[in-house]
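Subject: Structure for you to look at

Hello,

The structure I promised is below. My notes on what was found in it follow, so please read them with the structure open.

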Amino acid sequence: MKLFFLGTCSGTEPMPGRHHVAWVLQLHEKLYWFDAGECCSHTAHVLGLNLQNIRAVFITHCHQDHVGGLSNLLWTIRKLDKVRPRQDFGPVDVYMPSLATWEGTMMTLGETEGGFAINFPLNAHHAQAGLVFDDGAVVVEALENQHLPPGKSLSYRIRAENKTIIFSGDVHALEELEPWFDDCDLLLMETGHHKVEPICRTISQTPGVKRLGFIHHGREILRDPDAALTLARQFLGDHVFITNDGDSMEL
């Protein structure tokens, strides 16, 4: 199982070398996509990921720094399908807490060439708390959190190959994720609304969380990532890292 980080920035003004949040779990040949910030499809393609192998897309909430690249991602899949038809991986399933955003995405795509006629099944699903997805290889559960309105916001727990990943999405408080902390191989935690030290202090006292990765970076990390990592390692040693656009890792 491999993770690719396509975008690692929070919803700031444009930042050099960083785009809004998106990452991918690759299991065998299939891709499982989490959030879809700007330029995510371009970054993935340049990294050598085959977008035709996407099995599902999971959106935490419908703010632009999490869905701004969704229509382009779907449009790019259609483009690539003309070059090399999609393999039989089943439909592309998209899960999001607001189907109103999906309808707007489809309206936008409907104005593109060919009216966005596609040769593969594409399905949208209303993601809610509880079990969201299970294809026998990857299981995804959702937990509703208290991020900024409007609309609902979700955190996701992903299980695959006896590993567990928690993706915070944007949360009001780290404590919202505590029900999942008894078994977590990797916590991908946003800092767009949080500081490095209190997160690391809490996780250092949480034995169920084995490793912490920062994503959706806020000002503290964007200003000086090296200083932020030095601070984080005072609490967690080598069990903490800061993601960058284009990074990948084995889990």
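Predicted model: local features only at pLDDT ≥ 70, side-chain atom pairs only at ≥ 80, totals over all residues.

Ile221 belongs to helix H6, which covers residues 219-223. Its relative accessible area is 0%, so Ile221 counts as buried, the cut-off being under 20%. Between Ile221 and Lys195 there are 8.8 Å in space, C-alpha to C-alpha, although the two are 26 residues apart in sequence.

Next, the nonpolar cores. The largest has 29 residues, and Leu3, Trp23, Leu25, Phe34, Tyr156, Ile158 and Leu188 have the most contacts inside it. Strand E9 (residues 153-160) supplies the largest share of this core, with four residues. Another core lies apart from it and has 27 residues, including Trp33, Leu51, Ile77 and Val94.

Phe34 is in contact with Ala22, Trp23, Leu25, Phe58, Val140, Tyr156, Ile158 and Phe167, when neighbours within four places in sequence are left aside. In soluble globular proteins, nonpolar side chains tend to be buried together.

Last, helix H3. It runs over residues 70-83, 14 residues in total, and spans 20 Å from its first C-alpha to its last, close to the 20 Å expected at 1.5 Å a residue. Its buried residues are Leu70, Leu73, Leu74, Thr76, Ile77, Arg78 and Asp81. Ile77 of this list is also among the residues of the 27-residue core.

Regards

Key. Residues numbered from 1 in each chain as written. Heavy atoms only, no water. Core = buried A, V, L, I, M, F, W, Y, C linked by side-chain atoms within 4.5 Å. Buried < 20%, exposed > 50% of the residue type's maximum accessible area, 1.4 Å probe, protein only. Helix = DSSP H or I, 4+ residues; strand = E, 2+ residues; numbered from the N terminus. Contact = heavy atoms within 4.5 Å. Expected span 1.5 Å × (residues − 1).
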